[in-house]
Amino acid sequence: MGTLTKAKMVERLFEHLGLNKREAKEVVDTFFGEMSACLVANEQVKLSGFGNFDLRDKRQRPGRNPKTGEEIPITARRVVTFRAGQKLRARVEMYAGPGS
Amino acid sequence: MTKSELIERMVSLQTQLSAKDVELAVKTMLDQMTDAVATGERTEIRGFGSFSLHYRAPRIGRNPKTGEKVNLPGKFVPHFKPGKDLRNRVNLSLTQGNKPLSRF
């Protein structure tokens with residue numbers, strides 16, 4: 001099965017909504033660009049039905065280089081997490097696996 | 001930021017499309033992503049991240065009220081992995097403070 005990419009989303013907006021290719025590309029880019037900008041500004045993104053993108057600040061913790069076994073601290077960091085909304089989770093639960 | 005606030009921002013950033021068009025476009029994109037994730041198709045947005053399904057093995061759970069054992073079948077759950085660019089920029093915002101960001 002193929003992979004959904006921005007190009008396929010542009011194609012869909014062109015075919016289904018009649019946007020021209022330039023408009024469609026701009027709207028797809030702005031969609032992901034604005035969500036990114038929001039997360040980078042440390043603000044959560046909530047897309048009802050689909051899910052929420054949250055930010056978590058992690059403290060420094062001890063880690064190891066898996067190759068050498070050498071101990072190196074994993075530095076404090078901010079990460080994005082995604083929690084699927086009810087509608088998306090319900091849809092996914094009906095999926096029985098590849099070949100279904 | 002909620003979906004409607006996102007739509008408002010997108011409308012304010014461009015001049016070609018009406019608010020209605022942008023709203024419909026956002027709905028179409030989210031429907032397409034939902035369909036892809038729900039059918040096990042991978043979604044990959046360069047810079048932003050990718051969505052895929054992770055399998056959860058069957059296990060024996062307990063009804064927290066009665067303590068009764070219940071068989072929970074294996075299932076799939078949606079998973080998001082932030083792209084390199086988003087991961088780096090979000091992490092930089094931690095060390096550089098939460099100042100408003102330039103958009104790309």
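1. How many residues apart in helix α2 of chain A are A:E26 and A:R22? A:E26 and A:R22 are 4 residues apart in helix α2 (residues 21-40) of chain A, so about one helical turn separates them. Helices here are DSSP runs of H or I with at least four residues, strands are runs of E with at least two, and both are numbered from the N terminus.

2. The model is predicted: local features need pLDDT of at least 70, side-chain atom pairs count only at pLDDT 80 or more, and totals for chains, interfaces and linings use all residues. Residues are numbered from 1 along each chain as its sequence is written, chains are lettered from A and ligands numbered from 1 in the order in which they are written, and side-chain values use heavy atoms, with hydrogens and water left out.

3. The side chains of A:E26 and A:R22 meet in a salt bridge at 3.6 Å, N to O. A salt bridge is a side-chain nitrogen of Lys or Arg within 4 Å of a carboxyl oxygen of Asp or Glu. A:E26 counts as partly exposed because its relative accessibility is 28%, and A:R22 counts as partly exposed at 48%. The cut-offs are under 20% relative accessible area for buried and over 50% for exposed, with partly exposed in between (1.4 Å probe, protein chains only).

4. Over all chains, the structure holds 13 salt bridges. A network of salt bridges links A:K6, A:K25 and A:D29. In chain B, the side chains of B:K27 and B:D31 form a salt bridge of 2.9 Å, N to O. Both B:K27 and B:D31 lie in helix α2 of chain B, 4 residues apart, about one turn of the helix. B:K27 is partly exposed at 48% relative accessibility, and B:D31 is partly exposed with a relative accessible area of 32%.

5. Another salt bridge is formed by A:R91 and B:D35, whose closest N and O atoms are 3.1 Å apart. A:R91 lies in helix α3 (residues 86-93) of chain A and B:D35 in helix α2 (residues 19-38) of chain B, so this pair joins two chains. A:R91 is partly exposed at 30% relative accessibility, and B:D35 is partly exposed with a relative accessible area of 34%.

6. In chain A, 3 strands form an open sheet in the order β1-β2-β5, with antiparallel pairing. Two strands pair if DSSP finds at least two bridges between them. The edge strands are β1 (45-47) and β5 (77-84) of chain A, each pairing on one side only. β1(A) pairs with β2 (residues 51-58) over 3 bridges, and A:L47 stands opposite A:G51 in β2(A). Between β2(A) and β5(A) there are 8 bridges, and A:D57 stands opposite A:R78 in β5(A).

7. Side chains alternate along β5(A).

8. Chain B has 3 helices and 5 strands, in the sequence pattern α-α-β-β-β-β-β-α. Its radius of gyration is 20 Å, well over the 13 Å that the globule rule gives for 104 residues, so chain B is more spread out than a compact globule. The radius is taken over C-alpha atoms, and the rule is 2.2 Å times the number of residues to the power 0.38. The C-alpha trace of chain B spans about 60 × 40 × 30 Å along its principal axes. Buried residues make up 37% of the 104 residues in chain B.
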